Amino acid sequence: MSKEKRKSVFNVAVVGLSGTEQIKGTSGVGKSCLCNRFIREEADNYYPDHTSVLSQSDFGGRVVNNDHFLYWGDVTKKDDNGLDYKFNVIEQTEFIDDQSYQPHRSSSNQLYVKRCAQTKISSAEKMMYICTDQLGIESDFDIKLMPEGKITIDGFIICFDVSFVNNRSIDDQVRFVQNVYHYLAKTKKPILFALTKCDEQVAPFVSEGTQFAASCGGKRSNGIPVVETSASENINVTQAFLTLAQLIDKSRSKTKIVSFDDAAHARKELLKDAKKQLESLLADSVVHYDE
């Protein structure tokens, strides 16, 4: 396929265990952090805390827009060959009313496992989400609108949390993603399995996640690809999205999936080199401490 015919924009939906604390435990599976780190990866633009418990006014504001999904905006990334990939990112979640602690009412009454598999997404005048602090004071933050019309989802990333979370068993999470995968598979769209919070991983949880991914796709399939990620440490996040994009557009050369340990080592070396360069620059630039 010629370069001109290659897909230019990839619309990705990020899904995973969502709902009340009774369903997902005391914290989420890392969908928002994964999206945040991918779209705005700089340290100053990364927010580790995102809440799904909202007031009615925040749920009805233009960022959430009475929807149970967030538009994270767009970003362009390069692969190892220097080729550009542009992404629009949607996070499918479930917002909880801060009074009733039940899901907010919206135009769609479908259960999350069905709703997250939607392949046509629209919301008039919906604004890009940045962080929880943005809600209610949107004018203080960068404003970008979700593209007009319906966004056609090209592929899905399923987030699977491999850290320990209070009030959530690994069996509960496996059952949930089994139900999610059942509906996603019906769309015939490419799917990637992202193990999240691998910097806090529990080894048996990693095994559960990889075994589940390997079991997907039927007898003739090798399962769906697995990428081990950490949004907090910025490890393999871009790898996950690029790998999915290469499943969507098969004309793109495939990037080798790097293990978490190898990627973490590479990240450590990168930061070490950056620190040395900064120290050298400061030593060359600053003669006196009071300059």
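Helices (H or I, at least four residues) and strands (E, at least two) are DSSP runs, numbered from the N terminus. All views come from a predicted model, where local features need pLDDT of at least 70 and side-chain atom pairs count only at pLDDT 80 or more, while totals for chains, interfaces and linings use all residues. Residues are numbered from 1 along each chain as its sequence is written, and side-chain values use heavy atoms, with hydrogens and water left out.

**View 1. The largest pocket and what lines it.** Here α1 (21-24), α2 (31-39) and β2 (53-54) each put at least two residues into the lining, and α2 gives the most, with four. Of the 42 lining residues, Ser27, Gly28, Val29, Gly30 and His50 lie nearest the centre. The volume is about 750 Å³. (On a 1 Å grid over the protein atoms alone, a pocket is an open set of points with protein on both sides within 12 Å along at least five of seven lines, a cavity is a set where a 1.4 Å probe fits but cannot get out, and lining residues have an atom within 4 Å of a point; points are joined across faces, edges and corners, and a volume is the space filled by probe spheres set on them.)

**View 2. The cavity beside Asp161.** Asp161 sits in strand β8 and counts as buried because its relative accessibility is 0% (buried is under 20% relative accessible area, exposed over 50%, partly exposed in between, with a 1.4 Å probe and protein chains only). Sequence neighbours within four places aside, Asp161 is in contact (heavy atoms within 4.5 Å) with Gly28, Val29, Arg168, Ile170, Gln173, Thr196 and Lys197.

**View 3. Helix α6, residues 203-215.** Phe205, Val206, Gly209, Phe212 and Ala213 are buried.

**View 4. Phe241 in the largest nonpolar core.** Phe241 is among the six members, with Val14, Phe87, Val89, Ile157 and Leu184, that touch the most others of the 76. (Such a core is a set of buried Ala, Val, Leu, Ile, Met, Phe, Trp, Tyr and Cys residues joined through side-chain atoms within 4.5 Å.) Beyond four places in sequence, the contacts of Phe241 include Val12, Leu34 and Phe38.

How values were computed:
The expected span of a helix is 1.5 Å times one less than its number of residues.
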